[in-house]
Amino acid sequence: MQWDRTESPGNALLLQHRPPRPRAAVLLLHGGQATSHRPTRPWQLAALRMGSLTRAVSAALPPEDVLIARVRYRLRGWNDDRADPVPDTLRALDQLAELTGPLPTVLLGHSMGARAALRAAGHPQVHGVVALAPWWPPGEPVDQTASRHIVALHGDRDHVTSPTETADCVRRARSTAARAGMAVIGGGDHAMLRRRHLWHDTAAALVAHLLDPGGMPDPLPEECYGTGDFPVL
């Protein structure tokens, strides 16, 4: 696979792989901090962590069909009501649309990146959101998930963000989303280091399924989308 790492200063969209005629796209969004006005740098641990996840996703998708890119934030922090990563994500989606035209796009976000992905779910390009250890505090809005697919994975040993709050958000999203579900990674931590292969393989399979539901099976059991407790993997 050929990788395109174009990083013009004005770009919120960082291309990783661009086939000549893509039929779909995946945008990856790394984590950050609750409050920080320092500029984002590619050598931050949160950004570096996405490298192995990007490789797992690329291996699960047909290289001739799916564009893969990352969202570049201007700042490291969410910064209260400013929600700084959200306009960056929307700008990346706009740039993707300008580059390729309309494409069904899955947003794959970790922690703060999953919060930005959920907020940006209403963009016309977005088909679904896969959220890893998301930071979804109580009352996080879900109206923008209408007609989208929302799936979350959260470790039961996460001491940074709350699997209980994630479960609440998923349940609330069911009133608007096309489908919303969640699975718990048994023994999983916030950094996705414990049971790393399960995190990466499941996330990659979820992205592949959302982009091609007829050809790629859902890696999660049906109970993930039910009304009872979310299952532990």
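Me: How many helices and strands does the protein have?
Reply: Helices (H or I, at least four residues) and strands (E, at least two) are DSSP runs, numbered from the N terminus. Here the protein has six helices and seven strands. From the N terminus on, their order is β-β-α-α-β-α-β-α-β-β-α-β-α. Before we go on: this is a predicted model, where local features need pLDDT of at least 70, side-chain atom pairs count only at pLDDT 80 or more, and totals for chains, interfaces and linings use all residues. Residues are numbered from 1 along each chain as its sequence is written, and side-chain values use heavy atoms, with hydrogens and water left out.

Me: How do I read burial, and what percentage of the residues are buried?
Reply: Buried means under 20% relative accessible area, exposed over 50%, and partly exposed in between (1.4 Å probe, protein chains only). Buried residues make up 55% of the 233 here. Gly228, in the segment after helix H6 (196–211), has 40% relative accessibility and counts as partly exposed.

Me: Which residues touch the most other members of the largest nonpolar core?
Reply: In soluble globular proteins, nonpolar side chains tend to be buried together. A nonpolar core is a set of buried Ala, Val, Leu, Ile, Met, Phe, Trp, Tyr and Cys residues joined through side-chain atoms within 4.5 Å. In the largest one, with 41 residues, Leu27, Leu107 and Trp136 touch the most other members. Helix H4 (residues 112–119) gives this core its largest share, five residues. Apart from that core lies another, of 30 residues, including Leu53 and Ala204.

Me: Is H4 largely enclosed or left open by the rest of the structure?
Reply: Seven of the eight residues of H4 are buried, so the helix is largely enclosed. Among the buried ones are Met112, Arg115 and Leu118.

Me: What covers the buried residues of H4?
Reply: Think in contacts, meaning heavy atoms within 4.5 Å. The cover includes strands S2 (24–29), S4 (105–110), S5 (126–132) and S6 (149–155), along with helices H3 (85–100) and H5 (163–173).
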